[in-house]
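Q: I am new to this structure and would like to learn how to read it. Could you take me through some of its features, one at a time?

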Amino acid sequence: MNEPQHGRALARAAVDWRRREIPEEVALKTRLHILDTLAAIVSGSALEAGRAGQSYVRGLGGPGIATVLGSGDRVPLIEAALANGMAAHADESDDSHETSQTHPGCGVVPAALAVAEATGASGDAFIRAVSLGYEMSIRFGEAMAPGLSFARSSLSCHAYGPLFGAGFAAGSLMEFDETQFLILLNYLAQEASGLTTWRLDRAHTLKSYVFAGMPASNAVKVAALVRSGFTGSGDVLDPGNRNFFDAMPSGMAPEALQRGLGQVFRILETDIKKYSVGFPIAAPISALEEIIARHAPDPEEIRQIRIRYDPDWYKVIGDENGMPDLNLRYCMAVTLLDGGLSFAASHDEARMQEDTVQRLGQRIDFLPSEPGQDRFEARIEIETPQATLTARQGLHVAGRKENPMRPDQIEAKAAELFAMVLSADEARQLVTLCRDLSQAQNLGPLIAATVPAAQP
């Protein structure tokens, strides 16, 4: 028996996605991920990577048919996807999916947003397209992740997965038929790129481009090519011919593309972060906040703070990382000083140099994990004159699929992020519009609400 042609199966599923019944829990989870990603875009629009995207698209000129969130600039379709994608990953607050090694939302939502605005799509169509985009991002990520791990390859799954997800979301909103989705796959395969060299950058600009700006804009470009009539026959994923996966490192798992397709909704497995920091920082901060909640130690009295963690994590979030939201020592110090970790504190570069932060940070020791300690578990010990305070946090930190945040908690997080750019009233209005998104005739009011009434 011949193996199935993966591309044709995905194309058929994508066409069906526009008319099939979406389970209520999937629709709710998709809406919450849209809200979470919009919050990342709006707050990220004021940060370095977001500003870089805005500067680029403003310099291009041309007729504007889509909006750059936060600024209100009207720019061409592809450039809107790029600028909003850059902002979506600017502050590390966006969602993630572990086994696919992807951040689906920062690639999928900006692409879908630009196309939905340009086509006048309804809120329901937008939600369906985003749901499909997550499905494809994760499936392609899991098909490629075995061969694209950091240990085996310099290619970045974080770029490849969202490219395909964003492309399918855009194609859905452009109402592609099966043949057009197959052509879309051919062009997406040509655009597939991305290296893990983003790790060399000490800011978020390059990383945001690789994770979000590049896949979102390339996907929209490809969808626009297909809509205009570009042809490209054949199934680029057909295992019976030399195909896309043959060009990749060994270890690819293309069977993941169809496993449970149409029955298992992968967005339900996607995490929404509680903390706006790099993933490895979440467990230590969660353990530290538990100690603060139980004992409220006075930072001035703390003699020493010890963290026991897998040494590999220190390579990612150690002292060589100059970004506040990716520097464990800084995040731990300000969490102790403030009684918790806020978005504002985790993005305050100037505060990293403050004497009180520096002095407390010098009392933090990074130690290797103990025998039997899981690689995702962080153990914290704080020495005070009265006692040694301890806590530990494993993989299932708040926001993980096994320990999900409630809708009201996600809305509260979004309101905090929106308020970095919008007024408190504007932030609340935007949360309400997202809550009612499935009834919206188009995205006009939602998009308009992302721009502050009083521009600086």
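Q: Over which ring does the charged end of Lys 207 sit?

A: Let me start with the model itself. It is a predicted one, in which local features need pLDDT of at least 70 and side-chain atom pairs count only at pLDDT 80 or more, while totals for chains, interfaces and linings use all residues. Residues are numbered from 1 along each chain as its sequence is written, and side-chain values use heavy atoms, with hydrogens and water left out. Now to your question: a charge sits over a ring if NZ of Lys or CZ of Arg is within 6 Å of the ring centre and within 35 degrees of the ring normal. The charged end of Lys 207 sits over the ring of Phe 211, 4.4 Å from its centre. Lys 207 also lies over the face of Trp 198, at 5.3 Å from that ring centre.

Q: How many aromatic pairs does a search of the whole structure find?

A: A pair of aromatic rings is described by the distance of the centres and the angle of the planes. Rings of Phe, Tyr and Trp (its six-membered ring) pair if their centres lie within 6.5 Å; planes under 30 degrees apart count as stacked, over 60 as edge-to-face and the rest as tilted. The search finds 14 such pairs. In one of them, the ring centres of Phe 168 and Phe 181 are 5.2 Å apart and the planes are at 15°, so this pair is stacked. Phe 168 belongs to helix H7 (residues 157–173) and Phe 181 to helix H8 (residues 178–191), so the pair ties together parts that are 13 residues apart in sequence. Helices (H or I, at least four residues) and strands (E, at least two) are DSSP runs, numbered from the N terminus.

Q: Is Phe 181 buried or exposed?

A: Buried means under 20% relative accessible area, exposed over 50%, and partly exposed in between (1.4 Å probe, protein chains only). Phe 181 is buried, with a relative accessible area of 0%, and Phe 168 also counts as buried, at 0%.

Q: What about the rings of Phe 279 and Phe 376: how are they arranged?

A: Their centres are 6.3 Å apart and their planes are at 65°, so the pair is edge-to-face. Phe 279 is in helix H10 (residues 279–295) and Phe 376 in the loop between strand S4 (364–368) and strand S5 (378–383), 97 residues apart. Phe 279 is partly exposed, at 29% relative accessible area, whereas Phe 376 counts as buried at 15%.

Q: In what order do the four strands of the open sheet come?

A: Strands of a sheet pair through backbone hydrogen bonds, either parallel or antiparallel. Two strands pair if DSSP finds at least two bridges between them. Here the order is S4-S3-S5-S6, with mixed pairing. S4 and strand S6 (388–393) stand at the edges, each with a single partner strand, so one side of each has no neighbour in the sheet. S5 and S6 pair in the antiparallel sense over six bridges.

Q: Which residues does Arg 128 touch?

A: Contact means heavy atoms within 4.5 Å. Leaving aside residues up to four places away in sequence, Arg 128 touches Trp 17, Arg 18, Arg 19, Arg 20 and Ile 22. Arg 128 lies in helix H6 (residues 123–144) and counts as buried at 15% relative accessibility.
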